[in-house]
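Below are some notes on the strand order and helix packing. Please read them alongside the coordinates.

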Amino acid sequence: MLEELLIHKPDDPIEFMINHLKQNNDDAPKICILGPPASGKTTVAMWLSKHFDAIRVSQETLLFNETLALTEEAKAHKEKNQKIPNALWANLIQERLSNVDCIKQGWILEGFPENQEQAWMLQSFGIFPRHVVMLYASDTVLIERNSGKRLDPLTQEVYHTTFDWPSDPLVQERLVKPEDLSEQEVSKKLLEYHRNFPEVFQIYQKVLKSINADQPSVDVLSQVLTYVQTRHRSAAPFTPRIIFCGPPGSGKSLQAALIAQKYGVVNICCGQLLKEAVADNTNLGELIKPYIDNGWPVPDNLVLELLTQRLSSLECLTDGWVLSGFPRDIEQAEKLQKSQINPNRVFFFNLPYESIMERLSQRRTDPITGQRYHTTFRPAPTPEIQARLRQNPRDEEENIEKRLETYYSNVKDLEDFYEEAFYVNADQDPYVVFEFIESCIIKPLPCRKFRHL
């Protein structure tokens, strides 16, 4: 990591390290364990956390084991017996999962999201679980289980008077019955769960597996482990080869992440690919390094060689890919075609100048936590955080205007080259944008001919 900091000399070292870790944790688990009360979520989550050495995140850990900026606000709601708002839960989760330990080791999210709104908020923060386990059992079984549930206040492990009683006498002595889980309380939570379950299932159905919790715990854990160790196949009706073109701030990265998450395709950002080649000290990276160090444009032949290597990998050939950040002009598009890299979907994102400025110029970063905020859409939660926020020089209006000028000087030729491209109104809710893109992806492949050179 120190070597990479020396190579890149980033303006914001903390944000750089977090982003680098995010790009290099493909094997780190990202798992949600969902289910009704008393279905065994805690047992499963704790076991997976130990097995993978991943970070377990639950209501209890967020409220009592963490020192997050929003923890006190959430506790205040809890102490007043008020329902903690969905937005507050989502922000707490986002803040916790952005910490370096979760990025590096992976995470097991227990009991979240609880409803559709929380799921949408987590997705808007770029939080996409690779596997979602949905435990289920009959209400009668769950209510019966709840009556024998006992908690170890020292380790937070859950036991049961009938099904899972500890052998250690010291553990037996310190077990307590959870406070807010009377039969009436469980029945109320079950009703709420059944009301919210279908919408959450719909959102995660492509990465979700339902597992019967009414069986011996060893069988449940075995089925869970088998599932979370699988790699999802693409759900697309064909092998997608998608290019996103658009001005800075138009939401290409978010849409690429959404497409990659739903269809299991490989998400490739050209700029990040170049930085990874340098950081990995590959032969190609050594040639690219002087350009990156001096802030010069990397020659097209080097970019194309790197892209060709990546897009020719078995993973990309099998699952498909979504590419953003390339091509930026007609010459690059023509060279991409000569390299036999032909997309079957191209999207141009359109966004008014005022919206781009509003999105980019108001972005801020907390230099201590690496959290990103927006002065309008996502302001800092406290005056203390607000006072220490910093702006990336790239987001200053003068620099944004230069980037836009470069984009608009080349986009017309690109649009002419990709005659069958789709045009996206990016100035709307990101999920409306995603639905439009998805509708274009599942259409029959267009019968088009690429320009002969």
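1. Two strands pair if DSSP finds at least two bridges between them. Helices (H or I, at least four residues) and strands (E, at least two) are DSSP runs, numbered from the N terminus. On that basis, E9 and strand E10 (residues 321-324) run parallel and are joined by four bridges. Cys269 has Ser324 of E10 opposite.

2. The model is predicted: local features need pLDDT of at least 70, and side-chain atom pairs count only at pLDDT 80 or more, while totals for chains, interfaces and linings use all residues. Residues are numbered from 1 along each chain as its sequence is written, and side-chain values use heavy atoms, with hydrogens and water left out.

3. E9 and E10 belong to an open sheet of five strands with parallel pairing, in the order E9-E10-E8-E11-E14. Strand E9 (266-269) and strand E14 (422-425) are at the edges with a single partner strand each, so one side of each has no neighbour in the sheet. On average, neighbouring strands here are turned by 20° against each other, direction ignored. Axes are lines fitted to C-alpha atoms, for helices over the stretch in contact, and angles run from 0 to 180 degrees between N-to-C directions.

4. Which strands does helix H16 touch? Helix H16 (residues 300-311) packs on E9 and E10, and its direction makes about 175° with that of E9. Contact means heavy atoms within 4.5 Å. Helix H22 (residues 430-441) touches strand E8 (241-245), strand E11 (345-350) and E14, with its direction at about 155° to that of E11.

5. H22 also meets helix H13 (residues 252-263): the two axes come within 10 Å and cross at roughly 55°. That makes H13 oblique to H22, since angles under 35 degrees count as roughly parallel, over 145 as roughly antiparallel, 65 to 115 as roughly perpendicular and the rest as oblique. Residues in this contact include Leu254, Leu258 and Ile259 of H13 and Val433, Phe434 and Ile437 of H22.

6. A further open sheet of five strands, with parallel pairing, has the order E2-E3-E1-E4-E7. Its edges are strand E2 (55-57) and strand E7 (208-212); each has a single partner strand, so one side of each is left without a neighbour in the sheet. The twist from one strand to the next averages 20°.

7. Three bridges join E2 to strand E3 (residues 107-110), and the two run parallel. Val57 has Leu109 in E3 as its bridge partner. Helix H11 (residues 183-204) lies across strand E1 (30-34), strand E4 (131-136) and E7, at about 150° to E4.
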